[in-house]
Structure formats: C-alpha cells, structure tokens
Amino acid sequence: MCFLKAGDMIQKQQHSLLNKAEEACDLLRKHLESDHVVRVISHNDADGISAAGVICNAISRQKGKFHVTIVPRLKESVISRIRKEKYKLFVFCDMGSASLTELGRLKGDVIVADHHQTIDKEAKSRENMVHVNPHLHGLDGTRDVSASGVSYLISRPMNYPELAGLALVGAFGDMQCVGGMQGINKTILKDGLEAGTVEVREDLKLARMSQEPLYRAISHTFNPAIPGISADEEGSRAFLEKLGISYGVKFRELGNEEKDILKDELIKINPNVFGNVYSIPKEVPQLRNIEDYSKLVDACGKNKKHGVGLSICLGDREKSLEEAEALLERYQDNLAKGIGWIKKEGSTSLRNIQYIYTADKKRKRVMGTISSIGLELGLLDPEKPVIALSRMDNLVKISGRTTQKVTGKGVNLGSALEAASKSFGGTGGGHNIAAGAVVPYKSMENFLHLVDDIVETQTG
Ligand SMILES: [Mn+2]
C-alpha cells in the first residue's frame, strides 16, 4: 500500500504534467530543427492570446517560424479549414481537448495545450498527438494552471523564465489568481521570481493605478469588487472627496499620509483590496502590473482585435499598446453601464438558478463579466448561479457564472451547460465556476428549466 501525504501527491501530479509538457516540447523542437513553420491556433480571450504569445515567443527565440490564428471557438468549420493546410505541426492552445478525435485526423503532428475539463473521451490515443491538460493528471484546470501556463510548461525545458510573466497574464485573465496562486501557477511564479522576471509586493490592487486618475482607477476596480464604488464613478468621486483626497490625481502623486488613509478606508470596505501585486519589472508602465496586462489583452480579445493583443504579447509596445488602451477604456465604460443595468433591473430567479437576458448589442459583449461582478458586488444572489442570455438572431448565447461557495456544494456549470445545451441541439461546456453554451432561441425557456433541474441534482 502506498501512503502519500497531500503535498507529495500534488508533487507527483505536477511532475506527471511536466513530463507530458516536456514530451510536447520535444515534438516542437523536432519540427523547429526541421525548419517547419508551426501552425498555432488559439482562443480569443486573454488566456488564449497570451498562450499563443508564450508559444510564439518561444518559437521565435528558437529562431523558428509560426503562423498563428486566434478563433472564438474550435468550430467544425475551423477544423475543416485547418484540415486542408499542409503544416507539419499544429499547436492548439486553450482549446482542443474536447475535439481530440477530429484533431487526431489532421495530417501533421498535433500538440494540444488545453486546461478545460471537457475532454473527448472517445478519442483513441494517436501517435501524432501530445495532449497536455492538467485534468489528465489530477490537477485543477480552473485554479492550478491556465492555457498560457500549459504553453509555458511546454516551453519550459527551453528555459525562457522571461516568459513566466506572460504565462501568468493568462492565469489572471481566467481569474485563477483571486485569493492567491496555487498549483502550477505557483511553480511558474517561482520560476519568474527566481529569475527576477516577475516581482511580487503588497499593495493596493486598483485597476491601472499608475495610468488613471484615482477616481477612475477605483471605480474600474472590479476584482476585488468594492461595493458602492466599483462601476460607479460618482460614488468613487464622493468617496475620495469625503476623505479629502483630490480625485483627479494619480495614486503615485499622493502624499504618504493620503496613501495610508486611502488604503485604510478601502480595506474597511473590502479587505481584499490590499494584497499581493504581481509585476513584470522590465515592462513598460502600462503592462508592468500583470493584472493590468491581462486586462489590456482581454479588451483586445473582446473587441475582436486579437491581432492587437497578440502583437502586444509578441513585443509591440507602440501602436498596438495605444490601441489596446483605448479599447480597454471603452470596454470599462461599457462594463460600468452593464453593471448599472443589473443594479436597476436585477435578475429573474428560478428555484436553483437566476438569469438575466439582453438583446442589446453592446451589453451582449459583457454579459458574463457583469454577471461575475454583479455576484461579487452583491447585486445578484450569490447563492444561485447566474445564467446570462444574449440573443443572437435565432440563437441564444449563454454565459454561466457562479461562486466558489456554490461550486463547493457540488455545482458544476460546465457539465450543466454541456448536458442542457446538448438536449436542445446546442453546444456548451467550460469550467465548474464559469461556462458557456449556445442554444436555439426558441428553446431558451426549456433550456433554463433544464439547467435549473440539473443544478438541483448536482447539489443533491
Ligand atoms: Mn483559458
């Protein structure tokens, strides 16, 4: 019999994932040595874009070439387009684990660097494929490592610790670092800290604190959410005025005494507003804070400007960065409006879930995010998962969001949305805490009731 302590167990799991990643690295190297152009396909969110960034940076440093495309989903049409391509190596980041059978049919070799829990179990293991996914090693892809982290692990044997910061950009994008880092993310952080490419210090965790006037930095801070101030510029200004701090200055322009007052008062509202801040010391100010970096890349993805986000990850610190900053500002204003809408309209409750619905073009883009923030700000019932519905002609796009407390009770939105959407000819999946689906508009009501029932079963 084998008695492993919890710590040893985690070590063993990490070790087994690292071995798999090394296998992928060997395959990548083999193709680079043969001068093959590597075909990279990744997801359009901050994690996916930075995952592609990590892999492409590693390829460049090896003097190799890549051709990268960022897609919203690995749809059949995407796969059939790729099937016609003549590349010798395909790398899929932040996607692919659910489509192993189809990807195994590609003519070239395949690396899948994913961290989603939906795994194509029908797929037979293929000689041409290396599948790297933390869930296959008993690790948690929701918290332990994101796709950018998995990509980093693949590049790790090549020894580029300067990519550790970028690997954490994706982890922040996927909200894996709320309340501290764990698992592989911690291992990546350690790489960065040891090489001096990542730094950590205790500070206020305000959004774009070095760039924005205080009232905007504070009102644009959604993580952690500051009730009465987040998404509320007026509330934020009033809060600062009450403290006798001028709201238009930047944080660094405050005197030490003012900084302390501000810190103390914010901590009174939400203690999580003060804590570890992670940075890439060599970066330009806009990207130095890893969380800010992730927000800029995320804003690019959300505005369908993946190329801009990717350029930043690949080193453009001029035009792309400027464009991303403008996108982020617009995005944050849109978020604030969406949260204002939730504040006013609230959600509709079923027995076990609650839902919000919109057909508004701008609001549709932020439904998932405002659901999360609404939960955090206490504008939505934290005990019930939020199902956010966005009408797209005769389809409905669904984002499901819940809290760790609810997943702790057994709720798994990924499997709930996957099963429910399948029943209506749609598709869905994701993580236990955040998931997505698409179903026909005419099935929306039935879909909601089915999700309601599934969540009830999950909580037993
Ligand atoms: Mn991801």
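How far apart do the C-alpha centres of domain 1 and domain 3 lie? I found them 28 Å apart.

**Ground rules.** I am working on a predicted model, where local features need pLDDT of at least 70, side-chain atom pairs count only at pLDDT 80 or more, and totals for chains, interfaces and linings use all residues. Residues are numbered from 1 along each chain as its sequence is written.

**Domains.** I looked up the domain assignment of the chain: domain 1 is 6-198, domain 2 is 208-338 and domain 3 is 346-459. These bounds come from an automatic or database domain assignment. Next I checked the contacts between domain 1 and domain 3. I noted 5 residues of domain 1 in contact with 7 residues of domain 3. Contact here requires C-beta atoms, placed from the backbone, within 7 Å. On the domain 1 side, I get 1 nonpolar residue, 4 polar and no charged.

**Sheet.** I traced an open sheet of 5 strands in the order S2-S1-S3-S4-S5, with parallel pairing. Its edge strands are S2 (66-71) and S5 (129-132), each pairing on one side only. The twist averages 15° from one strand to the next. Pairing needs at least two DSSP bridges between two strands. Strands (E, at least two residues) and helices (H or I, at least four) are DSSP runs, numbered from the N terminus.

I then looked at S1 (residues 38-43) and S2, which run parallel and are joined by 6 bridges. Val38 has Phe66 as its bridge partner in S2. Ser42 has Ile70. Which residues make up the covered face of S2? I listed Phe66, Val68 and Ile70 there, with His67, Thr69 and Val71 on the uncovered face.

**Helix H1.** I followed H1 (residues 6-33) across S1, S3 (89-93), S4 (109-113) and S5, and it runs at about 140° to S5. Axes are lines fitted to C-alpha atoms, for helices over the stretch in contact, and angles run from 0 to 180 degrees between N-to-C directions.

I picked out His31, which is found in H1. Is His31 buried or exposed? His31 is buried because 20 other C-beta atoms lie within 10 Å. The cut-offs are 20 or more such atoms within 10 Å for buried, 12 or fewer for exposed, and partly exposed in between, with C-beta atoms placed from the backbone. Leaving aside neighbours within four places in sequence, I find His31 in contact with His36, Val38, Lys88, Leu89 and Asp109. His31 and Asp109 are 78 residues apart along the chain, yet their C-alpha atoms are separated by 9.2 Å.

**Core.** I opened the largest nonpolar core and found 132 residues. Such a core is a set of buried Ala, Val, Leu, Ile, Met, Phe, Trp, Tyr and Cys residues joined through C-beta atoms within 7 Å. Ile55, Ala113, Ile154 and Leu168 touch the most other members. Helix H2 (residues 46-61) gives the largest share of this core, 9 residues. I also checked Ala113, not counting residues up to four places away in sequence: the residues it touches include Ala51, Val91, Val132, Val150 and Ile154.

**Helix H6.** How many residues of H6 are buried? I count 10 of its 10. Among them are Leu166, Leu168, Val169 and Phe172. Their cover includes H2, H5, H7 (184-195), S7 (274-279), H12 (290-302) and H13 (306-313). Just after H6, Met175 takes a positive phi of about 60°.

Most residues other than glycine have a negative phi, and most peptide bonds are trans. I looked for departures. Asn159 has a positive phi of about 65°. Asn159 is found in the loop between H5 (147-155) and H6 (164-173). It counts as exposed because it has 12 C-beta neighbours inside 10 Å. Arg208 also has a positive phi, near 45°, and its place is in the loop between S6 (199-204) and H8. Arg208 is buried, with 23 other C-beta atoms within 10 Å.

Where is Pro224 placed? I found Pro224 in the loop between H8 (214-219) and H9 (233-242). A cis peptide bond joins Asn223 and Pro224, with omega of about 10°.

Methods: Contact = placed C-beta atoms within 7 Å. Nonpolar A, V, L, I, M, F, W, Y, C, P; charged D, E, K, R; others polar.
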